[in-house]
Structures are given as C-alpha cells and as structure tokens.
Amino acid sequence: MTVHEKILAGKKAVVTGGSRGIGAALVQRFLDSGAEVLTTARSESAPVPAGAAFVRADMRTRVGVGATAEAARDILGDVDILIHTVGGSKVFPRTLDIPEEEWREELNRNLLSAVRLDLLLAPAMRDRGTGAIVHFSSAAVAKPVPQVLHYSAAKVALEAYSQGLAAELAPSGVRVNTVTPGRIATPGGVATREQWGLVAPEGSLATATPLGRDGQPDDIVEATMYLVSDRASFVTGINLIVDGGEFPRG
C-alpha cells in the first residue's frame, strides 16, 4: 500500500461525482493526504471511499447543487478545496440530431453544475482569502466529436468561465484552475469512447496517444493534487492538459 504525505491535513474538500472513476480516485487520495472530504452521487447506494461524507445529489439540478452546498456547510464548515468532476454526455448519430432539450441537459450537467456550486461556496472562500477550485474539462474541446457536440460546447464554456472566475478571485487569494483529462482507462472512459467509435478492437485507449499508453486515474489525481496544494500557490487561471500529448493546444 502506498503511503501518502499528509499534505492536505486540516483541509476541507468537496468533490462532486466521487463514486467512481477519477472522482473516486480523487476522494481516496484526498482522504489519504489528510483532508476531510464530502462527495456526491446521484444514487443513495453509490459506493464511495470509506471515510468520506456523502450526499445524494443530482448536480444537474438547482436542488441537487443546493443540497450539496448545505451539506458542505453543515458537515465541513469552511470549504478549502472544491473539485467539479461531474460530467458526461448522451450520444447522437450526428450534430443536427441533437434536440434542444439535450443541449439544455448538457449545459446543466457540464457547465451549470459547476457554476451553481461555485456561486454557493466560492464567496466564503473569497471572504476568507483562501481556497482552490478545480473544474474538469475534456479533450473533446480540442477535437469536437459531432455526435456529442453539445458536450464539447458545454466544456468550452466551462473553460472560459473558469478563466474568468480565476481572474476575478485571484486578488482575494482564491485560485481557480482547470484539468483536462485525455484518454483515461476507467470503465466509464472506455464505454464513452466505444460509443464515440474511438476505441481500438482490443479495447485499448492508447492508439492515438504519443506516450504509447493509456492514461490512468492516478495521472489525473497527481495533476489535481498539485493544483490544490501549496506547491501551486502561484498558479491560477491555467488549463492543465493531461492527455499523453494527444491533443496539444498552444
């Protein structure tokens, strides 16, 4: 078992979508690093890492976001770290087959879930003069897929919002950054890319990755740990792309 340094000792963290994949890996690392963690999932029976506080919440809705913020205040008190991993998309044959209601759904899931929770929790960070917020984007921004263009568009908006919020909160000492995962070998990631037609016959995600391997949840965890730690105390407003060099952006 890997022993992690307690670099987040005493910190209070909220991680949305912490029942599987990257979200669950982040929750576990935060716990191992000494943080007190609250996480969310849509299902009451969703498995979350032992030791984390849990609230059942649909982050696509104002009610779910409000319940999360209320639980964070009641259980954690002050929030030092806010991580938005909730996302995903429904696939359609082509862009013009995506109905308007699905565009609204994607904006609620991939943009407004973060905006609404920031509106409820970030002001207290600003008033205290400290905090770290991380939004999760997608490689689909660099290479939009027609079947999920509504998803790509929502993530583009999230990146712009994240940059703007970073500029606004920087003078108060609150740092806002984005992490963009590439092809990460989680069950959800493989299933999504199968739907998009981006998985090789043998099931590998690595065919288009210059580093020649699948990304792992720990690759994203390490990037996020850097951004929320004191090691990144002079880092705000960036998009840290963790994709093995597949979609470089200048």
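**Close-up views of helix packing and the sheet**

**View A. Contact of α1 with α6 in the predicted model.** From α1, the residues I22, A25, L26, R29 and F30 meet P217, D218, I220, V221, E222, T224, M225 and V228 of α6. By class, this contact of α1 with α6 holds nine nonpolar, one polar and three charged residues. Helix α1 spans residues 21-32 and helix α6 residues 217-228; their axes lie 9 Å apart, and the packing angle is about 50 degrees. That angle makes α1 oblique to α6. The crossing of α1 past α6 is right-handed.

**View B. Crossing of α2 and α3.** Helix α2 (residues 62-76) and helix α3 (residues 100-128) cross at roughly 35 degrees, their axes coming within 9 Å. α2 passes α3 in a right-handed sense. On the α2 side the contact is made by R62, V65, G66, T68, A69, A72 and R73, and on the α3 side by S113, R116, L117, L120 and L121. Six nonpolar, three polar and three charged residues make up the contact of α2 with α3.

**View C. The open sheet of seven strands.** The strand order is β3-β2-β1-β4-β5-β6-β7, with parallel pairing. β3 (53-56) and β7 (239-242) are at the edges with a single partner strand each, so one side of each has no neighbour in the sheet. Direction ignored, neighbouring strands are turned by 15 degrees against each other on average. Helix α2 packs on this sheet and touches β1 (12-16), β2 (36-41) and β3; the direction of α2 makes about 160 degrees with that of β2.

**View D. Pairing of β4 with β5.** Strand β4 (residues 81-84) pairs with strand β5 (residues 131-136) in the parallel sense over four bridges. H84 has H135 in β5 as its bridge partner.

Conventions
Residues are numbered from 1 along each chain as its sequence is written. This is a predicted model: local features need pLDDT of at least 70, side-chain atom pairs count only at pLDDT 80 or more; totals for chains, interfaces and linings use all residues. Side-chain values use heavy atoms; hydrogens and water are left out. Axes are lines fitted to C-alpha atoms, for helices over the stretch in contact, and angles run from 0 to 180 degrees between N-to-C directions. Helices (H or I, at least four residues) and strands (E, at least two) are DSSP runs, numbered from the N terminus. Angles under 35 degrees count as roughly parallel, over 145 as roughly antiparallel, 65 to 115 as roughly perpendicular and the rest as oblique. A crossing is left-handed if the near helix is turned anticlockwise from the far one by less than a right angle, and right-handed if clockwise. Contact means heavy atoms within 4.5 Å. Ala, Val, Leu, Ile, Met, Phe, Trp, Tyr, Cys and Pro count as nonpolar, Asp, Glu, Lys and Arg as charged, and the others, Gly among them, as polar. Two strands pair if DSSP finds at least two bridges between them.
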